[in-house]
Amino acid sequence: MASTQFSSPRSHAQQATMAVSGKPGSVKGGCSFGRAVNFSRKHHKGGLRVRNVATRLPETQVSPETQVSPEKGGGNERKLAAWTSIRQERWEGELAVQGEIPLWLNGTYLRNGPGLWHIGDYNFRHLFDGYATLVRLHFQDGRLIAGHRQIQSEAYKAAIKNKKLCYREFSEVPKTDNFLSYVGELASLFSGASLTDNANTGVVRLGDGRVVCLTETIKGSIIIDPDTLETIGKFEYSDTLGGLIHSAHPIVTESEFWTLLPDLVKPGYIVVRMEPGSNERKVIGRVNCRGGPAPGWVHSFPVTEHYVVVPEMSLRYCAQNLLRAEPTPLYKFEWHPLSKAFMHVMCKASGKIVASVEVPLYVTFHFINAYEEKDEDGRVTGIVADCCEHNADTTILDKLRLQNLRSFSGEDVLPDARVGRFTIPLDGSPYGKLEAALNPDEHGRGMDMCSINPAYLGKTYRYAYACGAQRPCNFPNTLTKIDLVEKKAKNWFDEGAVPSEPLFVARPGATEEDDGYALLLDGRTFEEIARGKFPYGLPYGLHGCWVPKK
């Protein structure tokens with residue numbers, strides 16, 4: 001399992017469950033990162049060519065973030081690397097490893113996320129605004145080669161060239177000189193021209209081997225080289241579906257690619273599928289919204305073996321908020337509790353809706369998994385769908401402002417979250433259930449950034465890997481293994497670290513669901529087995545993928 005964690009003057013990452021953290025300096029059972037150091041040497045070991053290179057950002061990119069209030073009780077030296085802009089555009093080198101990396105763990109862990117939160121002396125507001133930084137951890141024969149590189153989106157290149165924001169980010173809008181410029185900017189918004197292509201959210205490996213970085217704008221789909229992290233170019237869809245946004249988290253396997261296209265004009269969702277090796281999305285069906293003036297935000301969604309589950313939250317897209325020059329606490333969304341919340345189920349083969357049920361209000365960024373429940377005769381009677389659910393509390397969005405993340409004073413301000421379990425009957429019932437899959441105290445009432453053993457996607461499963469909480473905190477700060485059968489959790493915590501999403505890598509030949517690594521924590525015992533040290537601090541990352549050895 002892999003995860004990357006970040007902390008006070010050092011940073012980390014985890015394997016087996018891979019996680020990259022926010023402490024400057026090491027990679028644990030995953031990885032962690034620290035202070036910036038430039039290397040120019042090249043050396044060879046065991047036939048593997050290792051480059052230590054660093055390319056600094058232009059002089060205008062020296063971070064002004066030292067002006068931000070530091071953590072209580074310390075100066076700027078105590079500010080987490082997790083929320084600090086990267087100081088160089090790229091770096092690559094071999095990491096010293098404490099512990100032992102399993103020799104069978106051969107491949108590359110890629111992790112994407114925002115990493116540059118300022119242009120010149122202008123600081124961005126929100127975690128999701130930052131320009132994308134791609135991190136690479138390459139495992140080969142017990143050794144660990146690491147690096148990072150900025151994704152060369154048009155938004156990033158324009159900002160560097162013009163020394164100002166040029167495209168609309170999550171909470172940021174380019175400043176206009178006069179009213180006519182403002183009108184022109186609005187026209188560009190409706191056409192999609194001013195929307196960002198800053199692919200800072202996820203990274204997926206398609207069935208044909210191409211690696212694509214993604215965000216919620218369709219134009220923000222960018223192909224990268226997993227070996228060099230070089231930006232190859234746009235992922236251009238060859239169909240005529242158009243649209244401006246899609247789910248930031250498609251469902252991707254060796255044989256299929258599913259995603260949802262929210263329809264902001266006629267509120268609903270278009271469900272599409274794409275074959276490996278193709279750039280053409282094919283419409284499978286459509287779900288019309290049952291409530292609200294607009295579709296609910298659909299950052300992610302789950303599937304089962306035979307069905308696509310389409311969530312309809314009461315946190316809905318808001319055209320008025322999109323037009324604002326300054327953000328509201330809910331940014332481009334609006335909370336409509338009276339519009340209710342729903343879960344829809346579509347048959348993958350026919351595109352027909354087989355269930356549409358009202359459920360209790362919920363707020364989620366990330367679904368974990370879903371599976372089918374069957375009776376004694378093997379007939380599907382219902383769907384179970386799990387997510388990281390924030391108790392229908394929309395304040396989590398504003399808690400992710402950079403000012404809030406950088407100014408933790410020791411108070412417990414992270415909103416509660418749980419593993420929310422939806423039960424959706426397929427017998428025509430109008431209502432579904434939503435309840436906690438286990439006691440939230442098992443994981444500190446913090447829950448997000450979940451992953452599973454990918455072999456269990458859409459199937460009955462037992463284990464999930466996530467980021468939980470050791471309170472008091474203002475952000476999830478543990479790695480957590482959740483046992484959904486025993487309803488227990490194992491938690492890994494490192495003082496000052498901010499782990500990113502754990503990623504499970506199964507051991508070759510494994511027959512047990514949790515037999516593998518989550519970077520580098522043992523998938524079964526959840527104990528740390530290895531740690532690598534970065535020579536500089538890396539900012540927090542969002543989502544990753546595993547690229548097997550060729």
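**Exercise 1.** Determine the strand order and the pairing sense of the open sheet that contains β15.

*Solution.* The model is predicted: local features require pLDDT of at least 70 and side-chain atom pairs pLDDT 80 or more, whereas totals for chains, interfaces and linings use all residues. Residues are numbered from 1 along each chain as its sequence is written, and side-chain values use heavy atoms, without hydrogens and water.

Step 1. Strands are DSSP runs (E, at least two residues), numbered from the N terminus; two strands pair if DSSP finds at least two bridges between them.
Step 2. The order of the four strands is β15-β16-β17-β18, with antiparallel pairing.
Step 3. β15 (202-205) and β18 (231-234) are the edge strands, each pairing on one side only.
Step 4. From one strand to the next, the twist averages 30 degrees (axes are lines fitted to C-alpha atoms; angles run from 0 to 180 degrees between N-to-C directions).
Step 5. Between β16 (residues 211-214) and β17 (residues 222-224) there are three bridges, and C213 faces I222 in β17.

**Exercise 2.** Identify which residues touch the most other members of the largest nonpolar core.

*Solution.* Step 1. A nonpolar core is a set of buried Ala, Val, Leu, Ile, Met, Phe, Trp, Tyr and Cys residues joined through side-chain atoms within 4.5 Å; buried means under 20% relative accessible area (1.4 Å probe, protein chains only).
Step 2. Among the 80 residues of this core, the answer is M343, L397 and F422.
Step 3. Strand β26 (residues 341-347) supplies the largest share, five residues.
Step 4. Beyond its neighbours within four places in sequence, F422 has contacts (heavy atoms within 4.5 Å) including M343, I383 and L434.

Definitions and conventions:
Buried means under 20% relative accessible area, exposed over 50%, partly exposed in between (1.4 Å probe, protein chains only).
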